Amino acid sequence: MISVNRYKCGYCGTCVAVCPAGAIELVEAWIEIDGESCVECNNCVKICPIGALEVSDESKK
Ligand code: SF4
Ligand code: SF4
């Protein structure tokens with residue numbers, strides 16, 4: 001499960017472009033991640049220039 005640190009995110013939209021599943025949406029000044037569509041490729045985590053996307057371990061429990 002990917003989550004956005006809203007204090008860090010600059011809403012540049014870079015992560016939206018690299019998501020192969022179309023799971024990330026930039027809604028005005030808000031990033032939304034659809035956890036159901038996410039295939040956990042971690043592209044977005046790697047591409048975010050400021051490390052605002054974080055992988056939470058909840059799904060592994
Ligand atoms: S790449 Fe990072 S800073 Fe840019 S919109 Fe995505 S989460 Fe925010
Ligand atoms: S981990 Fe991959 S599929 Fe999931 S939101 Fe990020 S880019 Fe999209």
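What percentage of the 61 residues in the protein chain is buried? Buried residues make up 16% of them, where buried means 20 or more other C-beta atoms within 10 Å of a residue's own, exposed means 12 or fewer, partly exposed lies in between, and C-beta atoms are placed from the backbone. This is a predicted model, in which local features need pLDDT of at least 70, side-chain atom pairs count only at pLDDT 80 or more, and totals for chains, interfaces and linings use all residues. Residues are numbered from 1 along each chain as its sequence is written, while chains are lettered from A and ligands numbered from 1 in the order in which they are written.

**Figure 1. The whole chain.** Here we have 2 helices and 4 strands, in the order β-α-β-β-α-β along the sequence. The radius of gyration, taken over C-alpha atoms, is 11 Å, close to the 10 Å of the globule rule for 61 residues, so the chain is as compact as a globular protein of that length; that rule is 2.2 Å times the number of residues to the power 0.38. Helices (H or I, at least four residues) and strands (E, at least two) are DSSP runs, numbered from the N terminus. Along the principal axes, the C-alpha atoms fill a box of roughly 30 × 20 × 20 Å. Take the contacts between residues at least 6 apart in sequence: 56% of them join residues at least 24 apart, a contact being two C-beta atoms, placed from the backbone, within 7 Å.

**Figure 2. Around ligand 1.** The shell holds 13 residues, and Cys 9, Cys 12, Thr 14, Cys 15 and Cys 48 come nearest. To join a shell, a residue needs its C-beta atom, placed from the backbone, within 6 Å of the molecule. This one splits into 10 nonpolar, 3 polar and no charged residues. For the sorting, Ala, Val, Leu, Ile, Met, Phe, Trp, Tyr, Cys and Pro count as nonpolar, Asp, Glu, Lys and Arg as charged, and the others, Gly among them, as polar.

**Figure 3. Around ligand 2.** Now 15 residues do the surrounding, with Cys 19, Cys 38, Cys 41, Asn 43 and Cys 44 the closest. The tally for this shell is 12 nonpolar, 2 polar and 1 charged.

Figure 4. Val 45 sits in helix H2 (residues 43-47) and counts as partly exposed because it has 16 C-beta neighbours inside 10 Å. Beyond four places in sequence, Val 45 is in contact with Ile 2, Leu 53 and Val 55. Glu 54 belongs to strand E4 (residues 53-55) and, with 13 other C-beta atoms within 10 Å, is partly exposed too. Although Glu 54 and Val 4 are 50 residues apart along the chain, their C-alpha atoms are separated by 6.3 Å.

**Figure 5. Two positive phi values.** Glu 28, not a glycine, has a positive phi of about 50° in the loop between strands E2 (24-26) and E3 (31-33). Asn 42, in the loop between E3 and H2, has a positive phi near 65°.
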